[in-house]
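The entry is shown below.

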Amino acid sequence: MPRAVTLIRSASLSDVAEYAYAATAPAESRLIFLAGACPLNDDGSTAAIGDVAGQAAKAVENMRTALTDSGASLNDVISTRVLVASHRREDLVTAWEVVRDAFGDHDVPSTLMGVTVLGYDGQLVEIEAIAAVLDC
């Protein structure tokens, strides 16, 4: 099945970043705007309290579910924003490594941000995403 998302890498920018610098989707693609994927269990409780990596993994799992329910997958994501409630760079890197590994070779343009607080008790990670699919 053809994919709508084309990742763009720039030879003019540093290759240190672990993601493509831009992505495109054709005009006929259907865009999917996901709410921030939170590390919530089925009962609404926050998963992996105090564990940045565990919360990142649960947020990725929940994002995959929302994508599947929308007719998409991680390979259809065109960009992400990863929010980590921490002032410690190490926590941001920990969350990023989980997200990066989940996406594998589909290294979408991403923004990683440290924030003061997130919406749920004990929440440390949230992942926003936009996807694009071709409905053939």
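Two strands pair if DSSP finds at least two bridges between them; helices (H or I, at least four residues) and strands (E, at least two) are DSSP runs, numbered from the N terminus. On that basis, β3 (residues 30–37) and β6 pair in the antiparallel sense over six bridges.

This is a predicted model, in which local features need pLDDT of at least 70 and side-chain atom pairs count only at pLDDT 80 or more, while totals for chains, interfaces and linings use all residues. Residues are numbered from 1 along each chain as its sequence is written, and side-chain values use heavy atoms, with hydrogens and water left out.

- Strand β6 (residues 125–133) is largely enclosed by the rest of the structure, because seven of its nine residues are buried. Buried means under 20% relative accessible area, exposed over 50%, and partly exposed in between (1.4 Å probe, protein chains only).

**Nonpolar core**

- A nonpolar core is a set of buried Ala, Val, Leu, Ile, Met, Phe, Trp, Tyr and Cys residues joined through side-chain atoms within 4.5 Å. The largest one has 33 residues, of which M63, L67 and I127 touch the most other members.
- At least two residues of this core come from each of β3, α1, β4, α2 (89–103) and β6.
- Contact means heavy atoms within 4.5 Å. Apart from neighbours within four places in sequence, the contacts of I127 include A35, G36 and A37, as well as A56, A59, V60 and M63. T80, R81, V82 and V99 are also in contact with I127.

**Helix α1**

- Helix α1 (residues 52–69) contains E61.
- With a relative accessible area of 43%, E61 is partly exposed.
- The C-alpha atoms of E61 and A102 are 9.3 Å apart, although the two residues are separated by 41 residues in sequence.

**Helix α2**

- The 15 residues of α2 should span 21 Å at 1.5 Å a residue, and the end C-alpha atoms are 21 Å apart, which agrees. The expected span is 1.5 Å times one less than the number of residues.
- D91, L92, A95, W96, V99 and F103 are the buried residues of α2. Seen down the helix axis, they fall within an arc of 130 degrees, so they line one face of α2. The arc is taken from the directions from the helix axis to the C-beta atoms.
- The cover over these buried residues includes α1, β4, β5 (110–115) and β6.
- G104 follows α2 and has a positive phi, near 55 degrees.

**Aromatic rings**

- Rings of Phe, Tyr and Trp (its six-membered ring) pair if their centres lie within 6.5 Å; planes under 30 degrees apart count as stacked, over 60 as edge-to-face and the rest as tilted. The structure holds two such pairs.
- The Y19 and Y21 ring centres are 5.9 Å apart with planes at 70 degrees, so this pair is edge-to-face.
- Y19 also forms an edge-to-face pair with W96, at 6.0 Å centre to centre and 85 degrees between the planes. This pair links distant parts of the chain, 77 residues apart: Y19 is in the loop between β1 (6–8) and β2 (22–24), and W96 is in helix α2.
- Y19 is partly exposed at 27% relative accessibility, and Y21 is partly exposed at 34%. W96 is buried, with a relative accessible area of 11%.
- Y19, Y21 and W96 make up one aromatic cluster.
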